[in-house]
Amino acid sequence: MARNYFDLFGLPAQFDVDPGDLAARHRERIRIWHPDRYVRGTSEERRRAIAMSADLNDGLKVLRDPVSRARHLLALRGVSTDEETDTAMDGDFLMEQMVWRERLEEAAGRAREVAALADEVAANRAARQARLASALGGGEAADLGRARALVRELQFLERFLRELDDALTEAL
Amino acid sequence: MALLQISEPGQTPAPHTRRFVAGIDLGTTNSLIATVRDGEVLVLPDAAGEVLLPSVVRFHADGRVTVGRMAQDAEVTDPLNTIASVKRLMGRGREDVEESPYQLAPGTGGMVRIETIAGDKTPVEVSAHILGALKARLEETLGGALSGAVITVPAYFDEAQRQATKDAARLAGIEVLRLLNEPTAAAVAYGLDRNPEGLYCVYDLGGGTFDVSLLRLSQGVFEVLATGGDAALGGDDMDAAVVALWTARGAQAGTPEEQRRLVRLARSARERLTTATETEVDAAPLYSGRLTRADLDAAIDPLIERTLVACRRVLKDAGVPIADIGAVVLVGGATRTPRVRERVGTLFRKAPLHDIDPDRVVAVGAARQADLLAGNDGAADMLLLDVIPLSLGIEIMGGLSEKIIPRNSPIPASRAQEFTTYKDGQQALAIHVVQGERDLVADCRSLARFELRGIPPMVAGAARIRVTFQVDADGLLNVSARETTSGVESAVAVRPSFGLSDAEIERMLKESIASAESDAALRSLREQQVEADRMMEAVDAALAADPDLLADGEREVIAAHLAALKTARDGGDGQRIREAIAALDRASADFAARRMDAGLARAMKGRSITEFP
């Protein structure tokens, strides 16, 4: 069982996280646990300081990003997103992906068209993130199945957005 | 009134020696040592009043070793035994080095070795001589012992280079409190002195390395947001560019001695052009002529352009627009070059800061950090949060690198990954750790290979092997692996492929540097005694600070182990001390854990009520 990063930061296990507050909580804790505080400490203290600081840094990274935060929330509720093993995706989603990829191939090298496509995909991602927030809201009534599908789709979109970013850099 | 202490004959306690911590800038061209006294940073000069120790080491036929200016004078007359810019070879294998002014021993798979008249020397040994000279300088000047040091490294240094630096310190008998990135040290020097908030860009163009770092300072916390640079670009390349210009104008230099002579003249001409607009160069019969500021600017512009590209990339990585940079700090002697200041100023649209001597600023920051880590500094609220400069990955099927910890992740960092077997009955698993950004393992730096053995025979895919990568605050990697169904465990402190094995370090310690402590057994005993003292001090301090956190009878158990360690420490057996340290560590582990938890609870107190919805 993975550790609960919400607990680590003293936050309730919910999708809404204020990034500024999260950063402040991280700073507050890393200040105490950082190995610099234990340079003259015992070996046990130094071991713990490294492990704890590493967890805090990893926890910040996981909770800061909406998709990894959602994946973590799902894992805490016993739902695995199985990106590595389960490759079956919704048919409509795959179709949309194919259309986008064809457009990227056609636009290759033309910065303005690549940028327009990137904007469109980014808007689509924002819409999906909003749906993810509502799927994970509502406490016990949260729609975990819906959230799981959205996390898996967002994972695809982020990879595609990175490719678009590379293509844009190349075109410029 | 204190009672007079009378020692038994032959057991006179060692005179109370003062102990100092220091910051060391182990540079490509020059090295420095600085310490904090009465709140002020003191950059220590040698007997001749020079603070810069040229990072040059000369090996003599009779086994003598000279370091610094004396060695530098022999660069022209004895070029093959006089090693300069050795930092560029740290943590490198023979095949990494394309050209070198030295005779390199044929590749044997490990770290590169330089053939000298006194035998083959690794860059670690050469660096240890430089560190040893700085240590001696401090101990002679201040009349006390150097008990620990913060040593700076380029932010771009990979694992092997960091490990090599730490090994050099160990060889020189210096306890490393922390390896600190050079640009971070520079920010500490400026930050503490001026108390700023905001984003800093540190532009560090030294003799042989270029680093650019983006740091955020807020609420007493320094955070490295991104780093970039080029581990093989610096003032040396500017000298080479000037020599190339002269060669194009007809300069003739055939022998290594003649080459070196031109390089030295190029450097001094370049330095003169910091204030002058033109200068005469007389290297007859090799070359003579006039060098103008415009000539120099044209020759070095391509090099400066490379540094600016790296700056833009770091800003892009961190998603920070140029306009958000509050200040640019210049570090490294090469930033005295007017063209560098001008072009950096143009890129960032503001004049860069250079009020602290760019040669000293890193040592100044390192000294402050050492003082802080030793607990002397009142500014205990400040904290440095550094990042890992290059991604760590492991080799997966198809010769690809799977990134485990991506570059610019804050350290300490850890990440666990699960693997499984691919053959029935497979009992071992080989793990190859690499560092670098490229997808193909062949394009990355190989850090280490190790095997997890003793996996119970199972069908393919049934084993669950959890490999945990942990990067400590010095940026050094530890890997542990555990087969979760059987509990078989293996932990490896990663010794980089281009690093030295523990056995090699032991051997070097044995044949070590001319010093009173050259005897390896004595050195090892000293290391254990220092560790014992540190441990006893820490436990004493903990007992005094949090007596209420002790469980019933715990104080007695810890006190007994403390007394045992004290006895062992004063005996002469290193192995016994090591065991006593481990025993005290185990006995006080629970207490240490409770103290750390209590520290956190104290800090969170008063927040919880108002902030938890």
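User: Is B:Gly487 buried or exposed?
Analyst: Exposed, because B:Gly487 has 8 C-beta neighbours inside 10 Å, and the cut-off for exposed is 12 or fewer. Keep in mind that this is a predicted model.

User: Where does B:Gly487 lie?
Analyst: In the loop between strand 26 (477–483) and strand 27 (489–493) of chain B.

User: And how many Å apart are B:Gly487 and B:Tyr156 in space?
Analyst: They're 37 Å apart, C-alpha to C-alpha. Along the sequence, 331 residues separate B:Gly487 from B:Tyr156.

User: OK, switching to B:Ser588. Buried or exposed?
Analyst: Buried: B:Ser588 has 25 C-beta neighbours inside 10 Å, and 20 or more is what counts as buried.

User: Which loop is B:Ser588 found in?
Analyst: The one between helix 13 (574–587) and helix 14 (589–604) of chain B.

User: What does B:Ser588 touch?
Analyst: Leaving out residues up to four places away in sequence, B:Ser588 touches B:Val539 and B:Ile558 in chain B, plus A:Thr42 and A:Glu44 in chain A.

User: How is chain A divided into domains?
Analyst: The domain assignment gives domain 1 (5–64) and domain 2 (91–171) of chain A. Their C-alpha centres lie 31 Å apart.

User: And chain B?
Analyst: Chain B has domain 1 (392–499) and domain 2 (518–603), with C-alpha centres 33 Å apart.

User: Give me the big picture on chain B. How many helices and strands?
Analyst: There are 15 helices and 27 strands in chain B. Of its 613 residues, 44% count as buried. Take the contacts in chain B between residues at least 6 apart in sequence, and 67% of them join residues at least 24 apart.

User: How many residues of helix 9 of chain B are buried?
Analyst: 13 of the 13, so helix 9 of chain B is largely enclosed by the rest of the structure.

User: What span should helix 9 have at 1.5 Å a residue?
Analyst: For the 13 residues of helix 9 (residues 361–373) of chain B, 18 Å, and the end C-alpha atoms are 18 Å apart, so that agrees. After helix 9 of chain B comes B:Gly375, which has a positive phi, near 80°.

User: Last topic, strand 11 of chain B. How much of strand 11 is buried?
Analyst: Five of the six residues of strand 11 (residues 176–181) of chain B, so strand 11 is largely enclosed by the rest of the structure too.

User: What joins strand 10 to strand 11 of chain B?
Analyst: Five bridges, and strand 10 (residues 145–153) runs parallel to strand 11 of chain B. B:Val153 stands opposite B:Asn181 of strand 11. The chain gets from strand 10 to strand 11 of chain B through helix 3 (residues 159–171), a right-handed β-α-β crossover.

Methods: Residues are numbered from 1 along each chain as its sequence is written. Chains are lettered from A and ligands numbered from 1 in the order in which they are written. This is a predicted model: local features need pLDDT of at least 70, side-chain atom pairs count only at pLDDT 80 or more; totals for chains, interfaces and linings use all residues. Domain bounds come from an automatic or database domain assignment. Helices (H or I, at least four residues) and strands (E, at least two) are DSSP runs, numbered from the N terminus. Two residues are in contact if their C-beta atoms, placed from the backbone, lie within 7 Å. The expected span of a helix is 1.5 Å times one less than its number of residues. Two strands pair if DSSP finds at least two bridges between them. A crossover is right-handed if, with the strands pointing away from the viewer, the path from the first strand over the helix to the second runs clockwise.
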